[in-house]
Amino acid sequence: FHFVTNFNVERLIEDLNQLSDKEYLDVMCGTSLRRPDNVIKKAQNYYQLQRNKNKRPGAGSVEECTPLTRPRQVSRPAWEIDLIYRGDLVPTNGYLYIDVEKISLMSSHVNVAGTVAVVDSRRELVLWAIIRHENVCQFFPKLTGLSKDKISSGITPIQARCMLKKVLKGNTVVGAAVKDDLKSLDYDVVNNGTKVIDIQDFFRDEKGPFKLLDLAAHFFPSKLGFQCAKHSAISDCRMTMKIAKRMFVLRKEGAPNFSKGISRSAKSKKLEVGDRCTCSVTKKKINPSQQVTETGAISKSTSTTRTPTIT
């Protein structure tokens, strides 16, 4: 199409409508970089508004997008925020996908949720929370990225359960070892009417269930970096969602379980988690054969240190 000296918007729109999709993209890409950010944002908002109204492509007028201009916002990563909740994305009798990164409590070594993430079937983040706990023995920073400072910035376990109830009640939650995750959150599945599906009940063989890492390597081999360093509850539950969709297809085809072609990753001889059990104390033990001097000193002593175990 050709620009004319006497600029005519109606004629220009008519000419643009005659272009093929590729030609139209060429025009848009060739001109958009010359426009201010607020103009581009206004056009994006207008398109989203019309799509939400289920209008046909091209419906509406520029006047409708004029009041949608907003100041440009800089998004922050979820890791910097203790709580994200999208109530508008919570389904009714739908499917949600969950993952938890755990920390270990002092003395009892009970694993509790340090972070929790829930996504919907479109991979949209519905809930993200960092959960505050006292008397933590291990944060496993090389696996979880968590630390005392990070955990101290979170919401309380009671607040986390309240948010979970808003999200999961009446829905079906899917995960890998999902019952352990929900237990670490102290979430009441029965009283909240939440159905549970564990992908590891389906993806297993005679040796037992497959890890999420192994399932990701099998179904999505291009995701070479998945869980190669710190685990992320957000990326893990998004991967769970993708694998669960494969499971739903296989179940629909009549498969009771599936293991064909899935390989187990080699177990690490020593898992470096980044911290040690702080419950262990070095103590000096006295042998019955050892003599104690008048000053209380041990004439010949041996000391033993408890080796911390990773739960």
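Analyst: Let's start with S265, which lies in the loop between α10 and β10 (283–285). Keep in mind that this is a predicted model.

User: Is S265 buried, exposed or partly exposed?

Analyst: S265 counts as partly exposed, because its relative accessibility is 28%.

User: Which residues is S265 in contact with, leaving aside neighbours within four places in sequence?

Analyst: K211, L213 and D214.

User: D214 is in a helix, I think. Which residues of α9 are buried?

Analyst: In α9, the buried residues are L212, D214, L215, A216 and F219.

User: And what covers them?

Analyst: The cover over the buried residues of α9 includes α8 (199–202) and α10.

User: How do α9 and α10 pack, in angle and distance?

Analyst: Helix α9 covers residues 212–219 and helix α10 covers residues 233–252. They pack at an angle of about 60°, and their axes are 10 Å apart. That angle makes α9 oblique to α10.

User: Why those two numbers, angle and distance?

Analyst: Because two packed helices are described by the angle between their axes and the distance between the axes.

User: Is the crossing left-handed or right-handed?

Analyst: The crossing of α9 and α10 is left-handed.

User: Which residues make the contact?

Analyst: From α9 there are L212, L215, A216 and F219. From α10 there are D236, M239, T240, I243 and R246.

User: I see steps of three and four in those numbers. Why would residues three or four places apart point the same way?

Analyst: An α-helix has 3.6 residues a turn, so residues with that spacing point the same way.

User: How do the residues of the contact divide into nonpolar, polar and charged?

Analyst: For the contact of α9 with α10, 6 are nonpolar, 1 is polar and 2 are charged.

User: Where is N93, and is N93 buried or exposed?

Analyst: N93 is in the loop between β1 (83–85) and β2 (95–105). With 66% relative accessibility, N93 counts as exposed.

User: What about N135, what is its phi?

Analyst: Phi of N135 is near 55°, again a positive value in a residue other than glycine. N135 is found in the loop between β4 (125–130) and β5 (136–138). At 59% relative accessibility, N135 counts as exposed.

User: Back to the loop between β1 and β2. Is L89 there buried or exposed?

Analyst: L89 sits in that loop between β1 and β2. L89 counts as buried, because its relative accessibility is 14% and the cut-off for buried is under 20%.

User: What is L89 in contact with, beyond its neighbours within four places in sequence?

Analyst: L89 is in contact with D120, R122, E124, L125 and V126. The C-alpha atoms of L89 and L127 are separated by 9.5 Å, with the two residues 38 apart along the chain.

User: Last one, the whole protein. How many helices and strands are there?

Analyst: The protein has 10 helices and 11 strands. It has 311 residues, of which 32% count as buried. The accessible surface comes to about 20800 Å², and 52% of that belongs to carbon and sulfur atoms.

Technical notes. Residues numbered from 1 in each chain as written. Predicted model: local features only at pLDDT ≥ 70, side-chain atom pairs only at ≥ 80, totals over all residues. Heavy atoms only, no water. Axes fitted to C-alpha atoms, helices over the stretch in contact; angles between N-to-C directions. Helix = DSSP H or I, 4+ residues; strand = E, 2+ residues; numbered from the N terminus. Parallel < 35°, antiparallel > 145°, perpendicular 65-115°, else oblique. Left-handed = near helix turned anticlockwise from the far one by under 90°. Contact = heavy atoms within 4.5 Å. Nonpolar A, V, L, I, M, F, W, Y, C, P; charged D, E, K, R; others polar. Buried < 20%, exposed > 50% of the residue type's maximum accessible area, 1.4 Å probe, protein only. Areas by Shrake-Rupley, 256 points an atom, 1.4 Å probe, with all protein chains shown as cover.
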